[in-house]
Amino acid sequence: MTERSSKIIINTFIFYLLFLPIVQAFLCINLKIIGVIFFPLVLVFYSLIDWKKFYITRFDASLVLILLLLNVFDTLIYSLGTVFFMSSYMIIISLLFSKIVIPNLSIDYYLDRINISLLIILFFLVLEFLIVSTIGSSIFYDNLTCHSDGVQGYRELHNATSDIFLMEIPGLNSIMMGSQTSSELAAVISIWSIYKYKTTEKRFYIFTIILSLLMIILSPSYTSIFLLTIGLTLYFLFEVYSKNKLNIYWLNFAPIFVVLFSYLMYEFLLVRYSDPSIFPTLFQEHFVGFNYMTMKELLFGAHKLKIEGLFASSEFTLLTQVAKLGILGVTIFYGSIAYYMLLALTNTNATGKKERLTTIFILIIIVIFLLGNVHYRVMFQSGVRELFLLFLAYIMFMSNNSCKNSN
Amino acid sequence: MQQVNLSNILRLFVKHTPYMLIILISSYFFTPYVYNFDKVYELNTAIVFAQLDFESNIDKLLNKATVDELLSSKDFKNSLSLSGGKSNKISSFKVSSSGNQNTKLTKVRFYGDNIDDIVSTSSLVINEFRKIDKNIINIYIESFKREVELNKSIINELEKNAKNQYYNDVIDVGNVNIVLLEADDKQLAADLGARNIKLDRKINSYKEISYISPINRDSIALFYPGKLAYLGLSILFTLLYFFIVINYYYLKLRK
């Protein structure tokens, strides 16, 4: 595979991820199948052409076979349908990107593409806010509202900031559509902008940091603030760890920060649930469904119709995912991602300072994506999922580099 | 950790393809004989509603809408568990989603892991429906029967009166010899006799709710594992074989 073809693929993929949600919402047709079929086919084709340059570790091969086994089991034997197809697609496409596309590109070019896609999302986020606050949101509702199954249309969202400042501006959707996507992506962009500022020291990225934080403030969500705090805390911990001399003075603030953070989170929780006594009931509602599942269903996942009747509350999508994919499916999916993350993290000791910083920031972003997915499935919906795959592909690439180094 | 290129993996795949094909084909044909767990049986049948000769009361009996609703209701299933006792487990059942447009019958599918449970559940279901129908129809049937009895007793009374007037002809006991009666009584006895015939027809016209064909163990078919599941299992075995081969290959490389 040539550098040119790799560039074409990566640019097409970015174009696809940026415009898929908006085109889907506008036409109100589920188009994700195009990308789900097209990109793997193209990448498999190129991998077969370049089969001598395509290196596979034992874990990669085993993982792909386990994914195939699970899909065969769910579809043909257990009659659950293609429940594990999307998870398999995510892992396989990331693997293919890390094995075929990234090695043929310069890392800077690849990271630059990610940067451009995030800046485009931020630009449209600001544009959406300007339109919504001046003209109104009817233009979006009229053209992008869609209630078709599997398509996320433009949604009318409640905006907590509007309540505080007595403005009448609804919550933002972003070009990725849906609730909380804009604020969670703004959290990702702010972390990415910090990384870009650290590596390039361009003032432009201070501007993007401020802009993305402003977007979180103007259209906030409890999850995005939580995720941003987690991201910043991880970055802070990395900074403390990477310093040769530990500054004890700053560490004194850690307990104060923890107390303040916990209090802030508690206050935010009270905004949503005014009565804390509801939590035990809420907790029970989330877990009680598992009591009615058989051991087989717990392991391999339950049928969609059964899940619908079992879980009264759907605040935590991860639990629904456990019910749908089973403990085995969820462990394989998240376990394999965690494995590549740990491998890439281990590899940071053997790479240069810039690569180390890039890997750490991308790992933080992946943690944000994964934690964001615990609450609502916004971070794994069409478009956002593909953005996540770009980060995951980089991590897989770095983990493979560690293998090459160790060899 | 060892890395090999795709060409090696593909060579390995090609090398093991004959073995994999043997595993695929042989497991597809042998699995049905050895597979002995997680079986699901099903019974596809239809419920034919109760029929009456007298149209005025037919709407009070169980109809398609009510039967469909009852079969989908959890309370109905609970009531079956209560009436079924502990001898058999209640198997699952549901109204068939396709081809269920006929208003004269309801297509129903029973399924479960035990044939006896399915047979007992199907009979419990139909008995429960019969009970519901009988609660409604018994009032009418009983009233018809009482009316027949009453008519008979009136006719007998008329015959007795005729005897008392000392007509010398022979009277058949249990039958009405109209010749012996006076003109008015003759007419009344004839009317009552005709009415009794009609009522008997009505009583006998009631056909209770039932399945379209009798249910027995032979009516139940194996639903799972079907051909698709056997195919899935054979692919699963083949992939497992290749999984072991690949891991062995990597282990050999390490040495």
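User: Which residues in α16(A) meet which residues in α17(A)?
Analyst: This is a predicted model, to start with. On the α16(A) side, the residues are Thr317(A), Leu318(A), Met341(A), Ala344(A) and Leu345(A). They meet Thr359(A), Leu363(A), Ile366(A), Asn373(A), Val374(A) and His375(A) of α17(A).

User: What classes do the residues of that contact fall into?
Analyst: The contact of α16(A) with α17(A) has seven nonpolar and four polar residues, and no charged ones.

User: How do the axes of those two helices cross?
Analyst: Helix α16 of chain A covers residues 317–347, and helix α17 of chain A covers 353–375. Their axes come within 12 Å and cross at roughly 175°. Angles over 145 degrees count as roughly antiparallel. So α16(A) and α17(A) are roughly antiparallel to each other.

User: Now α1 and α2 of chain A. At what angle do their axes cross?
Analyst: At roughly 170°, and the axes come within 11 Å. Here α1 is residues 3–27 and α2 is residues 32–49. The pair α1(A) and α2(A) is therefore roughly antiparallel.

User: Which residues meet there?
Analyst: From α1(A), Ser5(A), Ile9(A), Phe13(A), Tyr16(A) and Leu20(A). From α2(A), Lys32(A), Gly35(A), Phe39(A), Val42(A) and Tyr46(A). By class, the contact of α1(A) with α2(A) has seven nonpolar, two polar and one charged.

User: What about the loop between α1 and α2 of chain A?
Analyst: Cys28(A) lies in that loop. Its phi is positive, about 55°, although Cys28(A) is not a glycine. Most residues other than glycine have a negative phi.

User: Switching topic. How many residues of chain A are in contact with chain B?
Analyst: 22 residues of chain A, which contact 23 residues of chain B.

User: Which element supplies the largest share on the chain A side?
Analyst: α3(A), with 10 residues. β1 (55–57), α3 (58–77) and α18 (384–406) of chain A each supply at least two. The chain A side has 13 nonpolar, five polar and four charged residues.

User: And how many bridges join β1(A) to β1 of chain B?
Analyst: Three, and the strands run antiparallel. The chain B strand is residues 3–5. Tyr55(A) stands opposite Asn5(B) in β1(B).

User: Over to chain B. What does helix α1 of chain B span between its end C-alpha atoms?
Analyst: Only 36 Å, for residues 6–34. A straight helix of 29 residues would span 42 Å.

User: Where is the kink in α1(B)?
Analyst: At Thr17(B), shortly before the proline Pro18(B). The kink is about 50°.

User: Last one. Which residues does the cis peptide bond join in chain B?
Analyst: Tyr224(B) and Pro225(B), with omega about 0°. Most peptide bonds are trans. Pro225(B) is found in the loop between β6 (221–224) and α6 (227–254) of chain B.

Notes: Residues numbered from 1 in each chain as written. Chains lettered and ligands numbered in written order. Predicted model: local features only at pLDDT ≥ 70, side-chain atom pairs only at ≥ 80, totals over all residues. Axes fitted to C-alpha atoms, helices over the stretch in contact; angles between N-to-C directions. Helix = DSSP H or I, 4+ residues; strand = E, 2+ residues; numbered from the N terminus. Parallel < 35°, antiparallel > 145°, perpendicular 65-115°, else oblique. Contact = placed C-beta atoms within 7 Å. Nonpolar A, V, L, I, M, F, W, Y, C, P; charged D, E, K, R; others polar. Pairing = 2+ DSSP bridges. Expected span 1.5 Å × (residues − 1). Bend = angle between axes of the 7 residues up to and from the residue.
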